[in-house]
Amino acid sequence: MPASAADGGAPVSMPAPVTILLVEDDEVIRRSVTMALERYGYRVTAAADGLTGLELFREGRHDVLLLDVMLPGLDGIGLCRRIRETSVDPVLMMSARGDALDVVSGLEAGADDYVVKPVDTAVLVARIRSLLRRATFTPAPGPAAGPVADPPGLSDRSGRPGRDRHARLFFGDLAIDTGGLEVFRAGEPVALAPTELRLLLEFAANPGIVLDRQTLLRNVWDYGWDGDSRVVDLCVQRLRKKIGAERIETVRGFGYKLRR
């Protein structure tokens, strides 16, 4: 039996359940998804339209946001954009059709991933767990790939250019703090969503090396199966806007690489 404060042992604190904000206008789907996720131990807050979902998002803290694309009032694309104005919380979009336009619009709005309805519960939970891992991961210990260029005046305490005492990697005007999980461009902080940060760290660990889309899906999105490469392309596009379009090079027919 676990020790407690009453019998002289240290109090045992249970981890807080993962909270999910579900925004889905179809009542049957909303209830079935809520029940399915609750069976897995998640705590679900549900809304039937985009504006209510936005209010709930602003009122409380949620670990994952699960948004339908087609919503009354404020649709899922608009809701995702509003969320991204102030938050980098993981966003999973749900599309009834899996239409290419829906998928692209959702990812361009800032979503981390998407699923097509009707979605198998096991697949949905796997995607949610993948998002949570990306949002809470810690880089593996050990030396990271070395930087190749420093902003003027930046060096370590020994005067050598490249990596400072806080283990920052430099690529032109881009600085990546691999320990503190912070990114700076020209000295200014860059706000990255968890998936964008994971993607950048994957590139930074392999500077100058071409990474194909399937490798990125496996290492960044934790896909154990062939995923949709559009997820990679759209995330790279968003990342380029934040760190500089020239920093990530497209190698046609193969993939992407971080410029040295």
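Leu181 is partly exposed, its relative accessible area being 29%, where partly exposed stands between buried, under 20%, and exposed, over 50% (1.4 Å probe, protein chains only). This residue is found in the loop between β7 (174-177) and β8 (182-185), with helices (H or I, at least four residues) and strands (E, at least two) taken as DSSP runs numbered from the N terminus. The model is predicted, so that local features need pLDDT of at least 70 and side-chain atom pairs count only at pLDDT 80 or more, while totals for chains, interfaces and linings use all residues. Residues are numbered from 1 along each chain as its sequence is written, and side-chain values use heavy atoms, with hydrogens and water left out.

Most residues other than glycine have a negative phi, and most peptide bonds are trans. The table lists two residues with a positive phi.

| Residue | Phi | Relative accessible area |
|---|---|---|
| Leu181 | about 55° | 29% |
| Ala186 | near 55° | 59% |

Ala186 is exposed and lies in the loop between β8 and β9 (188-189). The peptide bond from Lys117 to Pro118 is cis, with omega near -5°, and Pro118 belongs to the loop between β5 (113-116) and α5 (121-136).
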